[in-house]
Amino acid sequence: MRSRERGQYLAMNLHDRDMMKIGEREGIAKGAQAKAIETARNMLKKNYPASDIVEITGLSLEQVLELQKELAAEPAPAN
């Protein structure tokens with residue numbers, strides 16, 4: 001392999017590794033967001049105040065209020 005081709009090969013591998021790291025960070029962030037939403041939903045079901053949910057989960061007040069609306073629109077579970 002010539003020097004130029006080797007350099008391009010190495011650069012491509014570095015790029016691929018960087019893209020994998022970015023994808024991994026995005027996946028972690030999405031997972032954290034999903035967990036925060038799940039926690040907020042559970043707290044809303046237990047009638048925690050929205051301000052406490054915002055503080056504990058890191059979600060915005062708008063997000064918590066939207067989740068509250070969604071929960072109110074869901075049918076009540078059958079016993």
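Helices (H or I, at least four residues) and strands (E, at least two) are DSSP runs, numbered from the N terminus. The structure is a predicted model, in which local features need pLDDT of at least 70 and side-chain atom pairs count only at pLDDT 80 or more, while totals for chains, interfaces and linings use all residues. Residues are numbered from 1 along each chain as its sequence is written, and side-chain values use heavy atoms, with hydrogens and water left out.

**Exercise 1. State what pattern the protein chain follows along the sequence, and what share of its residues is buried.**

Step 1. The protein chain has 3 helices and 0 strands.
Step 2. Its pattern, read along the sequence, is α-α-α.
Step 3. Relative accessible area is classed as buried under 20%, exposed over 50% and partly exposed in between (1.4 Å probe, protein chains only).
Step 4. Of the 79 residues in the protein chain, 15% are buried.
Step 5. The protein chain exposes about 6,600 Å², and carbon and sulfur atoms supply 56% of that area. Such areas come from the Shrake-Rupley method with a 1.4 Å probe.

**Exercise 2. Describe how helix 2 and helix 3 cross, and which residues make the contact.**

Step 1. Helix 2 covers residues 50–57 and helix 3 covers residues 61–73; their axes come within 9 Å and cross at roughly 120 degrees. Axes are lines fitted to C-alpha atoms, for helices over the stretch in contact, and angles run from 0 to 180 degrees between N-to-C directions.
Step 2. Angles under 35 degrees count as roughly parallel, over 145 as roughly antiparallel, 65 to 115 as roughly perpendicular and the rest as oblique. Helix 2 and helix 3 are therefore oblique to each other.
Step 3. Helix 2 supplies Ala50, Ile53 and Val54 to the contact, and helix 3 supplies Leu61, Val64 and Leu65. Contact means heavy atoms within 4.5 Å.
Step 4. By class, this contact of helix 2 with helix 3 has 6 nonpolar, no polar and no charged residues. Ala, Val, Leu, Ile, Met, Phe, Trp, Tyr, Cys and Pro count as nonpolar, Asp, Glu, Lys and Arg as charged, and the others, Gly among them, as polar.

**Exercise 3. Decide whether Asn47 is buried or exposed, and give its phi.**

Step 1. Asn47 is found in the loop between helix 1 (3–45) and helix 2.
Step 2. Asn47 counts as exposed because its relative accessibility is 68%.
Step 3. Asn47 is not a glycine, yet its phi is positive, at about 65 degrees. Most residues other than glycine have a negative phi.

**Exercise 4. Locate Gly58 and give its C-alpha distance to Ala36.**

Step 1. Gly58 is found in the loop between helix 2 and helix 3.
Step 2. With 62% relative accessibility, Gly58 counts as exposed.
Step 3. The C-alpha atoms of Gly58 and Ala36 are 7.3 Å apart, with the two residues 22 apart in sequence.
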